[in-house]
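Reader: I have a new chain to get to know. Could you walk me through it?

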Amino acid sequence: MTDAQSPSELIDGRIAELADWRGEMLARLRALIREADPEVVEEWKWRGVPVWEHDGILCTGETYKAVVKMTFARGASLEDPAGLFNSSLEGNTRRAIDFREGEAIEEEALKALIRAAVALNQTSRAKKKN
């Protein structure tokens, strides 16, 4: 991977390089993020973490041996009626969802959570302008 690659190309590369269930899961999560927010911006930060932004960071997609972790930057401020958050629950700011091999994604609930994160970022940004 070179510095000349776009963040989206770097994420493509990460998905291809994983070449297992984690790559498939990251690709599916990415597709759901894009479906939920067609205006989302992909970034590549902290030496190799896919990041999705819209008026600030929405979430990240870290890959580990046993999980693909989707961390919402301001997850503690989001309603989670479907109870998707199952990791990083003790913090005051972030919340995460750990996806394990073979687990189903509650797609509609996840897209609602992504849209809520966008709305929270947009509300916060509007308040800062005033």
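This is a predicted model: local features need pLDDT of at least 70, side-chain atom pairs count only at pLDDT 80 or more; totals for chains, interfaces and linings use all residues.

Reader: Thanks! Which pattern does the protein chain follow along the sequence?

Author: The count comes to 3 helices and 5 strands. Read in order along the sequence, they give α-α-β-β-β-β-β-α.

Reader: What radius of gyration does the protein chain have, and what would a compact globule have?

Author: The C-alpha trace spans about 45 × 35 × 25 Å along its principal axes. With 130 residues, a compact globule would have a radius of gyration near 14 Å, so the chain agrees with that rule, at 14 Å.

Reader: Which element gives the most to the largest nonpolar core?

Author: That core has 29 residues, and Leu29, Met70, Phe72, Ile97, Phe99 and Leu110 touch the most other members. Elements giving two or more residues to this core include helix H1 (7–18), strand S4 (67–72) and helix H3 (107–129). The one that gives the most, with 7 residues, is H2.

Reader: Which residues is methionine 70 in contact with, leaving aside its neighbours within four places in sequence?

Author: Contact means heavy atoms within 4.5 Å. By that cut-off, the partners of methionine 70 include Cys59, Thr60, Arg95 and Ala96. Also among them are Leu29, Ile33, Ile97, Phe99, Leu110 and Ile114.

Definitions and conventions. Residues are numbered from 1 along each chain as its sequence is written. Side-chain values use heavy atoms; hydrogens and water are left out. Helices (H or I, at least four residues) and strands (E, at least two) are DSSP runs, numbered from the N terminus. The radius of gyration is taken over C-alpha atoms; the globule rule is 2.2 Å times the number of residues to the power 0.38. A nonpolar core is a set of buried Ala, Val, Leu, Ile, Met, Phe, Trp, Tyr and Cys residues joined through side-chain atoms within 4.5 Å. Buried means under 20% relative accessible area, exposed over 50%, partly exposed in between (1.4 Å probe, protein chains only).
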